[in-house]
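Subject: Two-chain model for you

Hi,

Here's the structure I promised to pass along.

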Amino acid sequence: MTQDLSLLLRDLLQAGVELILVGGLAAVAQGAPVTTFDVDIVHRRSADNVDRLLGVVNRLGAYVREPANRRLPPTREGLLGPGHNLLVTSLGPLDCLGAIERGLDFEKLLPRTTELVFGGHLLRVLQLSALLELKEEWTDEESKLRAAILRRTLLSHTNGE
Amino acid sequence: MAHLRSLTVEERLALNDASARTVLELRAAFRRTLEKPPENTR
């Protein structure tokens with residue numbers, strides 16, 4: 001597998017998948033000095049959109065990440081639901097999240113997003129302030145470190161650094 | 001951080017890809033080192 005998260009994201013946007021980029025890559029896109037190894041998205045769970053998403057992930061040979069490694073393909077039902085579909089694709093790991101903390105789904109997250117231009121497409125990303133709020137809910141050491149980096153990045157934006 | 005601010009979104013994500021690939025390669029090399037049987041020092 002050749003990891004290429006940029007190409008993975010571009011494929012999704014090219015296919016017209018409606019998504020909000022969350023997690024580490026959303027922070028990277030907004031200038032946070034972190035490295036991340038997967039793409040986390042909250043997708044719109046309409047039938048049409050899930051079909052577009054399924055088309056892309058199937059083309060990329062996606063299967064579900066799970067301890068038994070049975071290489072089960074993602075399902076339409078799974079992607080239509082609020083759960084987390086943790087996938088491996090030929091371009092890298094892709095987490096398709098029906099909803100995140102407190103039941104926040106595509107529609108509920110929309111007001112907290114920013115539109116960026118990426119590869120000629122509009123890319124909706126969850127704003128740094130929202131990413132920080134979510135990260136601050138976690139108490140593990142790694143999340144605390146990430147939160148500190150996000151806080152510093154947000155401050156640098158505010159100060160126009 | 002100022003350097004990252006000057007990059008486009010495409011450049012930021014490309015930098016992450018390069019960085020992630022390097023980290024994955026280093027991890028794999030480290031694992032191989034751990035798995036290598038100890039050399040006979042006699």
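Predicted model: local features only at pLDDT ≥ 70, side-chain atom pairs only at ≥ 80, totals over all residues.

**Where the chains meet**

On the chain B side, 16 residues are in contact with 28 residues of chain A. Together the two chains bury about 1,800 Å², and 61% of that is on carbon and sulfur atoms. Polar contacts do turn up, though: seven residue pairs, both residues at pLDDT 80 or more.

Which elements of chain B give two or more residues to the side that touches chain A? They are α1 (2-5) and α2 (9-35) of chain B. Of everything on that side, α2(B) gives the most, with 13 residues. Sorted by class, the side of chain B that touches chain A has eight nonpolar, two polar and six charged residues.

**Helix α1 of chain A**

This helix covers residues 5-14, and Ser6(A) lies in it. Helix α1(A) is mostly covered, with seven of its 10 residues buried. The buried ones are Leu5(A), Ser6(A), Leu8(A), Leu9(A), Asp11(A), Leu12(A) and Leu13(A).

Why does Ser6(A) count as buried? Because its relative accessibility is 8%, and the cut-off for buried is under 20%. Leaving aside neighbours within four places in sequence, Ser6(A) is in contact with Phe118(A) from its own chain, plus Leu13(B), Ala14(B) and Asp17(B) from chain B.

Just after α1(A), have a look at the backbone of Gly16(A), which takes a positive phi of about 80°.

**The nonpolar core**

The largest nonpolar core has 51 residues, and the ones that touch the most other members are Leu9(A), Leu21(A), Val39(A) and Ile41(A).

**Helix α6 of chain A**

Helix α6(A) runs over residues 128-136, and its buried residues are Leu128(A), Ala130(A), Leu131(A), Leu132(A) and Leu134(A). What do they pack against? The partners are β1 (19-22), α2 (23-29), β6 (99-100), β7 (104-105), β9 (121-126) and α7 (141-158), which belong to chain A.

Cheers

Methods: Residues numbered from 1 in each chain as written. Chains lettered and ligands numbered in written order. Heavy atoms only, no water. Contact = heavy atoms within 4.5 Å. Buried area = accessible area lost by both parts, 1.4 Å probe. Polar contact = N/O pair within 3.5 Å; in protein donor to acceptor, adjacent residues only side chain to side chain. Helix = DSSP H or I, 4+ residues; strand = E, 2+ residues; numbered from the N terminus. Nonpolar A, V, L, I, M, F, W, Y, C, P; charged D, E, K, R; others polar. Core = buried A, V, L, I, M, F, W, Y, C linked by side-chain atoms within 4.5 Å. Buried < 20%, exposed > 50% of the residue type's maximum accessible area, 1.4 Å probe, protein only.
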